[in-house]
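Please find below my comments on the attached model.

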Amino acid sequence: MIEERDLVLSNGIHCIADIHSELYARLKKESQAVTPWVYQKQYGKFVTYFVAVIIFLSLIKKLAFMYYDSSEEFLPEKKNSPTTPSVFLARIMTKLVAFNRYICYRKFPTLIFSYLGIPTSVGTFLVVMATTLYTLLYCFVPHPFYRPCAGFGSPPLSVRAGIMAISLVSFVFSLSGKINVIGWLVGLSYEKINIYHQWASILCLFFSWVHVIPFLRQARHEGGYERMHQRWKASDMWRSGVPPILFLNLLWLSSLPIARRHFYEIFLQLHWILAVGFYISLFYHVYPELNSHMYLVATIVVWFAQLFYRLAVKGYLRPGRSFMASTIANVSIVGEGCVELIVKDVDMAYSPGQHIFVRTIDKDIISNHPFSIFPSAKYPGGIKMLIRAQKGFSKRLYESNDDMKKILIDGPYGGIERDIRSFTNVYLICSGSGISTCLPFLQKYGPILHKTNLEVITLDWVVRHREDISWIRDEICTLSNNLRQLFLDGTIVVRIYVCSDSTVPGIIKTFPQTADTASDQSDLAKREKDTEFGQDDTESNSTFDKSNNEYKGLITIIPSKPDLNQVINDYQIGFRNCFICSGSDSLRYTVGNSVAGLQAKVFSNKNVEECYLHSESFGY
Ligand SMILES: Cc1cc2nc3c(=O)[nH]c(=O)nc-3n(C[C@H](O)[C@H](O)[C@H](O)COP(=O)(O)OP(=O)(O)OC[C@H]3O[C@@H](n4cnc5c(N)ncnc54)[C@H](O)[C@@H]3O)c2cc1C
């Protein structure tokens, strides 16, 4: 039956029947000479080189900004110094950076893109697309895809796609770690780099199928399904290839955004089990072909090094701390759907914008959740977390009547890669619990403002209900008490927008920030007249005000939903500007696009050197 369907080449040779003939052996040799099997392993290296170049360029960028932040060139007294070649070069660089940000900070419509798992940031999207295009071209441009007969050797397309998939495995695993060497080199923390983990995995899955399909197709072409069946029975490589691709497909399916959104815990537990299965079965499948198992050896070395570093430096094995030492956290409800966790004593250095992973020692011990941290004003030296009740762990925490919980802390992770002190203007823009990311910048840099280059810190916080302000009542009180003068002279500006108070939805009611103190004072007076604490007659506001008279007139409450685009365009942009945003998708979308637009000022205004954006999302 197989013989009947045997493929006959133009020179009369039968791909199956003539397999032991001399001519067949000669043709096989010729085919291998033209397209050597062993050469295909170079394609794995081409992928590695490409990723290495991206990492290297990002490292250069990181080092350049580190140097730039520590450089004194930006100090006001140095600004007017004569133009030297290096200053000239620096100017060109700032323009190039601004041009890059003009494109890369832009955001795609978040709803559709994040639903499909596509990067919403144009910059990330471009990197992902460049990698995809490069690998696709390397895979599909070289010919031939097939050898005339399967007996002449594996289809070159299959071999190079397979080796490209394996070379991606090391990056997929390395990028998965909470501490990861690539993230450290490029200056991105794990939650920001996770999108590259996801896309490297998708490419790996794609090339795995490109590896498989030509084998099946060629066997079918030569001898139909019987030939395929025969190959399956005869070839260990065929059979051993099934488990890794099965694991890889399951990994992909269980990681789809919809699965992560609804079954995060199941996804998480399944993910590492499937990943272990994938790794072991892949090793078995490829060993020792073309030495490709060396990619997997490198993978495991890097992965374990990262894991060990994480446990020793951040996690439960930290020296000086007993193994899995738990901490007590105070739990209190601070408003509708929001619970506060305070750990009074933390043996941990952390910086603004960072988060920790929290595990409660109870029936939820298996789950581990990230929450942003900021200094507690009530318990100096302690940390505070604001947790919005979702459907799982956070809801159970919110509904539990416990006022204390034993927790395990892992972290801190994340944060901002730039040195805030080197900027002149910091704009913190957040909504809801995104305040946990933004507030610590004000808490840390407000008191030391005069020892830095900072001239103004602005916080714009959008909340749904007026009661939400009480989440950070203690911190706001402390800040306004301690930094009263800075609030008064407009060096620190805090505006809170209460959406549920909107009389006209979407109305813009912003207060321009003025540069000189005199107009600041008049502006402040105007603001006090309009909407300051205590001026509004709603019950919640006056309650808030009565207990906090000391910051009356210091913080502006605006009873409407802001047009953030306009809020940002109204900012009095300084010399070096840092925008930090955290909150809803729509907030990040608007801020990303607005700050991208602001890059034009770097070209049009010589008093604007930089507009840097750091945005935090509570997901990955
Ligand atoms: C870096 C970072 C910082 C965060 N900081 C805060 C914060 O300060 N305050 C706050 O209220 N929320 C914060 N979150 C979000 C918070 O981690 C999730 O809301 C919480 O884990 C949901 O738990 P749940 O079981 O109730 O969620 P579910 O109702 O099961 O799911 C709700 C959403 O949370 C996601 N989620 C569930 N579990 C996790 C997990 N372990 N890790 C990441 N995402 C998860 C799901 O994908 C889903 O989209 C942060 C998230 C990240 C990634």
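1. In this predicted model, the shell around the ligand comprises nine nonpolar, 11 polar and six charged residues. The classes are as follows: Ala, Val, Leu, Ile, Met, Phe, Trp, Tyr, Cys and Pro are nonpolar, Asp, Glu, Lys and Arg are charged, and the others, Gly among them, are polar. The ligand is surrounded by 26 residues, of which Gln390, Lys391, Gly392, Ser394 and Phe618 are the closest; a residue counts as near if its C-beta atom, placed from the backbone, lies within 6 Å of the molecule. At least two shell residues each come from helix 13 (257–262), strand 4 (369–372), strand 6 (383–388) and helix 16 (393–399).

2. On conventions, residues are numbered from 1 along each chain as its sequence is written. Because the model is predicted, local features need pLDDT of at least 70 and side-chain atom pairs count only at pLDDT 80 or more, whereas totals for chains, interfaces and linings use all residues.

3. The chain contains 24 helices and 13 strands, taken as DSSP runs numbered from the N terminus (helices: H or I, at least four residues; strands: E, at least two). Of its 620 residues, 39% are buried (20 or more other C-beta atoms within 10 Å of the residue's own; exposed, 12 or fewer; partly exposed, in between; C-beta atoms placed from the backbone).

4. Helix 12 (residues 242–254) and helix 14 (residues 264–286) have axes that come within 8 Å and cross at roughly 160°. The axes are lines fitted to C-alpha atoms over the stretch in contact, with angles from 0 to 180 degrees between N-to-C directions. The two helices are therefore roughly antiparallel to each other (over 145 degrees). Residues meeting across this pair include Phe247 and Leu251 of helix 12 and Leu274 and Phe278 of helix 14, with contact defined as C-beta atoms, placed from the backbone, within 7 Å. The contact of helix 12 with helix 14 has 12 nonpolar, five polar and no charged residues.

5. For helix 3 (residues 42–70) and helix 8 (residues 156–174), the axes come within 7 Å and cross at roughly 35°. Among the residues that meet are Val47 and Val51 in helix 3 and Ile163 and Phe171 in helix 8. This contact of helix 3 with helix 8 divides into eight nonpolar, three polar and one charged.

6. Lys444 lies in helix 17 (residues 435–445). Is Lys444 buried or partly exposed? Lys444 is partly exposed, because 16 other C-beta atoms lie within 10 Å. Pro375 is 69 residues from Lys444 in sequence, with a C-alpha to C-alpha distance of 8.9 Å.

Definitions and conventions
Angles under 35 degrees count as roughly parallel, over 145 as roughly antiparallel, 65 to 115 as roughly perpendicular and the rest as oblique. Two residues are in contact if their C-beta atoms, placed from the backbone, lie within 7 Å.
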